[in-house]
Amino acid sequence: MSRRTIIRLFLAACLALLSFSVTSPALALGGTLPPLNQPAPDFTLPTNTGDGEISLSDYRGQWVVVYFYPKDFTSGCTLEAQRFQQDLPKYLDRNVQILGISADDVDSHAEFCDAEGLKFPLLADTDGTVSKAYGSWLNFFSMRHTFIIDPEGQLRETFVKVRPAIHSAEVLARLEELQAAS
């Protein structure tokens, strides 16, 4: 088989995988997503805030937005974080905690929070364990995915096609629908 044929087959396989990921709610580019209306995968990760560690179970009794992002200080990640920070009062009014997760370490998160004035926790998933559990890991960084978890710890919504500039508004709108229905 020629090198050119191998490359074509590889590209065709990649396109098939991408088209399957788009049509299947169970898969995303980062792996298998946890199922909706089931318990969200629990986790404990180091953070630059509070006691230095946060568990998802710490927020039982309130809604949680868990958003995964690739890297501190990059343009899209900065814009997404700024929008969540801008809307933070609206989330707090709805009894919602925001948690950002990336593979960056705690020191990077502390610098990022200071530079951008972020008042919500960023968690360090340096080995990708939690990102993998949420189907949001690609090689060495977290994919841009977001999950809404209800007060009982059930996963209620998944966002895999995130546009940083408008994402916080989309999450707020979906939260309003979910909270109205509960």
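Student: How many of the residues of β6 are buried?
Tutor: This is a predicted model. In it, β6 is mostly covered. The count of buried residues in β6 is 7 of 7.

Student: Which residues of β6 are buried on each side?
Tutor: In a regular strand, side chains alternate between the two faces of the sheet. Both faces of β6 are covered. One side holds Q97, L99 and I101. The other holds V96, I98, G100 and S102.

Student: Which residue stands opposite L99 in β6?
Tutor: β5 and β6 run parallel. They are joined by 6 bridges. The residue opposite L99 is V66.

Student: What is the bridge partner of G100 in β7?
Tutor: β6 also runs parallel to β7, residues 122-124. Here 3 bridges join the two strands. The partner of G100 is L122.

Student: Why do the buried residues of α2 line one face of the helix?
Tutor: The buried residues of α2 are C77, T78, E80, A81, F84 and Q85. Look down the helix axis: they fall within one arc, so they line one face. That arc is 165°.

Student: Which exposed residues does the face of α2 turned away from its buried side carry?
Tutor: Exposed means over 50% relative accessible area. Two residues are named on that face of α2: S75 and Q86.

Student: Which elements do the buried residues of α2 pack against?
Tutor: The strands are β5 (63-68), β6 (96-102) and β10 (145-149). The helices are α3 (88-93), α4 (106-116) and α6 (167-181).

Student: How far apart are the end C-alpha atoms of α2?
Tutor: Helix α2 has 12 residues, 75-86.

Student: Is S57 buried, partly exposed or exposed?
Tutor: S57 sits in the loop between β4 (53-55) and β5. Its relative accessibility is 36%. Buried would need under 20%, exposed over 50%. Therefore S57 counts as partly exposed.

Student: Where does pLDDT stay under 50?
Tutor: The protein averages a pLDDT of 88, and 84% of the residues score at least 70. Where pLDDT is low, the predicted coordinates should not be read in detail. The stretch under 50 is residues 15-25.

Definitions and conventions:
Residues numbered from 1 in each chain as written. Predicted model: local features only at pLDDT ≥ 70, side-chain atom pairs only at ≥ 80, totals over all residues. Heavy atoms only, no water. pLDDT = per-residue confidence, 0-100. Contact = heavy atoms within 4.5 Å. Helix = DSSP H or I, 4+ residues; strand = E, 2+ residues; numbered from the N terminus. Expected span 1.5 Å × (residues − 1). Buried < 20%, exposed > 50% of the residue type's maximum accessible area, 1.4 Å probe, protein only. Arc of directions from axis to C-beta. Pairing = 2+ DSSP bridges.
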